[in-house]
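Please consult the sequence and the model together while reading.

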Amino acid sequence: MVTPRIVIVGGGAGGLELATRLGRNLGQQGKARIILVDACLTHIWKPLLHEVAAGTINSYEDELNYFAHASQNHFEFQLGRFEGVDRDEKAITLAPLCDSHGKPLASARHLNYDWLVMAIGSTSNDFGTEGAREHCIFLDSRAQADRFQSEFLNMYLRAHAYTDRHDNPPELNIAIVGAGATGVELAAELHHAAHQFAEYGLDGISPSHVNISLIEAADRILPILPEGTSTAARQKLESLGIKVFTRQKITQISQDGLQASSGLFVPASLKVWSAGIKAPDFMKDLSGLETNHINQLITQPTLQTTRDPHIFAMGDCGSCTLPGSSRPVPPRAQTAHQQASYLLKALPRHIAGKPVADFRFQDKGSLVSLNSSAVGVLMGSIAVQGKLARIMYISLYRLHQVAIHGFFKTAVLFCKDILSSKSRPEIKLH
């Protein structure tokens, strides 16, 4: 009997968790060959990217190497950028592999599959706003977060080297478009980082001269959360000196700042776009599969795509509307986690030709970090905020680590983080 091949494209939270758990189950027992494909060599949990951008965590210390992890968990890893799928041949195409200088390392490759899981995630949706791509930094990947952190730090280094800074203290204007979880968390983290720079002697830019603006087109920030929680988050941000603008649709972005349809102009030298999501553009015409207006693959309640039962979509790149619901399940990290747990049980049943139950989503709430505190709602109605909410927020990352490393290794990593925090600066200074 030929061993079935399960190919998972995308090593984000959901894809990596699924590959890891299938490897420990089917892969270790020789019941299936599990192959994970990603364009990067390492993984970092996407909800941490705002901390990477602010420099409050070092991405090199929190990353996971796919090759090493695959060898420890009985699956294979293929480095490559997904280019397309041939449904007739049941094969995906990976783009030519090049080094950092563009020198070819390998030509385009084909990987055959019996079952394909698309877990590519999402990118920010700029809605075609003029100047967004040219002048904003997006936080869709670790590389983009590292770029922001580098530019943020360089501004402080230039100010520090300016000997006459006390005569004319420079200002740093930062604008964040989109007051969802990422935008709100980044604003709070940057405020903290500004004070940390000053503590470490990079005081050429005073924290009082760091102007952070958060701009939202909706009536309030964090629109997915209850109004009371949204109000509490806004009050906290404004108490930190962060300017919050709502009902402001950005229509044009230039080198100098952002223009809103209302006439408001927000000056900014550092600009971040964190408003809206969409699946990558190449998903729109992916081998005739059904997609929606933001390029997500439309799936059945079993997470199988509507036009090919051998292709699944999970996480942000899929749109799954469950029976009795008028809206798709939300594109959150908890959705990807629950879908990984579902496919862990469903895929062996598909392989065996057995019936499979529909995916069921449990909304366990949402938490948003405000650096030393957090706000959110649990189980749909229980509002939480403050240090308790912050502890709960931190536990989400530990639960992700448990899913991919197990309890023992996660405990070791937790102890390592506590010990190293006593000997390293609170902010990345290089």
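Helices (H or I, at least four residues) and strands (E, at least two) are DSSP runs, numbered from the N terminus, and the expected span of a helix is 1.5 Å times one less than its number of residues. The model is predicted: local features need pLDDT of at least 70, side-chain atom pairs count only at pLDDT 80 or more, and totals for chains, interfaces and linings use all residues. Residues are numbered from 1 along each chain as its sequence is written, and side-chain values use heavy atoms, with hydrogens and water left out.

Helix α8 (residues 227–239) has 13 residues; from first C-alpha to last it reaches 18 Å, close to the 18 Å expected. Its buried residues (under 20% relative accessible area, 1.4 Å probe, protein chains only) are Thr-229, Ser-230, Ala-232, Ala-233 and Leu-237. Seen down the axis of α8, they fall within an arc of 160 degrees, so they line one face of the helix; the arc is that of the directions from the helix axis to the C-beta atoms. On the other side, Glu-227, Gly-228, Gln-235 and Ser-239 are exposed, that is, over 50%.

The sheet comes next. Strands β26, β27 and β28 form, in that order, an open sheet with antiparallel pairing, where pairing requires at least two DSSP bridges between two strands. β26 and β28 are the edge strands, each pairing on one side only. Between β26 and β27 there are six bridges.

α8 packs on this sheet, touching β26, β27 and β28, and its direction makes about 175 degrees with that of β27. Contact means heavy atoms within 4.5 Å; axes are lines fitted to C-alpha atoms, for helices over the stretch in contact, and angles run from 0 to 180 degrees between N-to-C directions.
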